[in-house]
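The structure comes first, then the notes on it.

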Amino acid sequence: CLKGFDLKVKCIIVDFHSTGGDKVTYRNELKNTGIDWGLNQDELIFTSDAREQWEVEVPYEDLMGLYRIANVFIMPSRSESYSLITQEAGLSKCVVVLNQDFAPFRDIFGSNAIYRQYSSNIGFNGMDGNVNTAYGPGDAYPEERATYEKNYHKDTAGLILDQLRNNKNLALSIFLRKYRNLDYVFEHELEPLFLEEN
């Protein structure tokens, strides 16, 4: 849905320890879902496929590097209670999107994230129970439910976009990474000088 706002998107999923059986099947299902939703193979990256040394785990230093280049971190987990990776993403100044339906997230992170509904394996009060999110009315036909869900995720993309554009600290970080990196400076500032001499 962020692509609908003319943004370039790379979705990186850290999926260590997923080298066999049902985990591979699940990863393939996720890839197909991403493609169905409009991502191409260059935009949907699973770390276990990206580098041989990441097939089983991503070293901490590499993970920190991913945080440094990321703008958005989404944790839709239904069960990740005291999420250290979410805290690391927040410390790395990513826009953080969390599962509103999962009570521990609301308790741990307070109002300092974007909250969206992704269901939960515990009740709203943090006790036993389940929360099953339905996008749209329960009596909607399947194609209507799909439209409600798509619109819900477009709204989520709009909330993310607002942060990317209006959070000055984040906007400056994105600007510096985009226009003050070595490749950009060489290509736009130094290389033209060499071409002019020739």
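Asp-15 is buried, at 10% relative accessibility; buried means under 20% relative accessible area, exposed over 50%, and partly exposed in between, with a 1.4 Å probe and protein chains only. This is a predicted model, in which local features need pLDDT of at least 70 and side-chain atom pairs count only at pLDDT 80 or more, while totals for chains, interfaces and linings use all residues. Residues are numbered from 1 along each chain as its sequence is written, and side-chain values use heavy atoms, with hydrogens and water left out.

Asp-15 sits in the loop between E1 and helix H1 (22–36). Helices (H or I, at least four residues) and strands (E, at least two) are DSSP runs, numbered from the N terminus. Leaving aside residues up to four places away in sequence, Asp-15 touches Arg-27, Phe-46, Thr-47 and Ser-48; contact means heavy atoms within 4.5 Å. Its side chain makes a polar contact of 2.7 Å with that of Ser-48. A polar contact is a pair of N or O atoms within 3.5 Å; within protein, one must be able to donate a hydrogen and the other to accept it, and residues adjacent in sequence count only if both atoms are side-chain atoms.

Side chains of opposite charge can pair when their charged atoms come close. With a salt bridge defined as a side-chain nitrogen of Lys or Arg within 4 Å of a carboxyl oxygen of Asp or Glu, the count comes to 3.

| Salt bridge | N to O distance |
|---|---|
| Lys-3 and Glu-43 | 2.8 Å |
| Asp-15 and Arg-27 | 3.1 Å |
| Asp-49 and Lys-31 | 2.5 Å |

Asp-49 lies in helix H2 and Lys-31 in helix H1, so this pair ties together parts 18 residues apart in sequence. Asp-49 is partly exposed at 46%, and Lys-31 is partly exposed at 24%. Arg-27, the partner of Asp-15, is buried at 10% relative accessibility.

In the salt bridge between Lys-3 and Glu-43, Lys-3 lies in the segment before E1 and Glu-43 in the loop between H1 and E2, so the pair ties together parts that are 40 residues apart in sequence. Lys-3 is partly exposed, with a relative accessible area of 31%, whereas Glu-43 counts as buried at 13%. A polar atom of the Glu-43 side chain also lies 2.9 Å from the backbone nitrogen of Asn-40.

Helix H3 (residues 60–69) has the buried residues Leu-63, Met-64, Leu-66 and Tyr-67. Seen down the axis of H3, these fall within an arc of 155°, so they line one face of the helix; the arc is that of the directions from the helix axis to the C-beta atoms. Their cover includes strand E1 (11–13), helix H2 (47–50), strand E3 (72–75) and helix H4 (84–91). Exposed residues Glu-61, Arg-68 and Ile-69 are on the face turned away from the buried side.

The protein as a whole has 8 helices and 5 strands. Of its 198 residues, 29% count as buried. The C-alpha trace spans about 70 × 40 × 35 Å along its principal axes. The accessible surface (Shrake-Rupley method, 1.4 Å probe; for residues, only the protein chains shown count as cover) comes to about 13,400 Å², of which 52% belongs to carbon and sulfur atoms.
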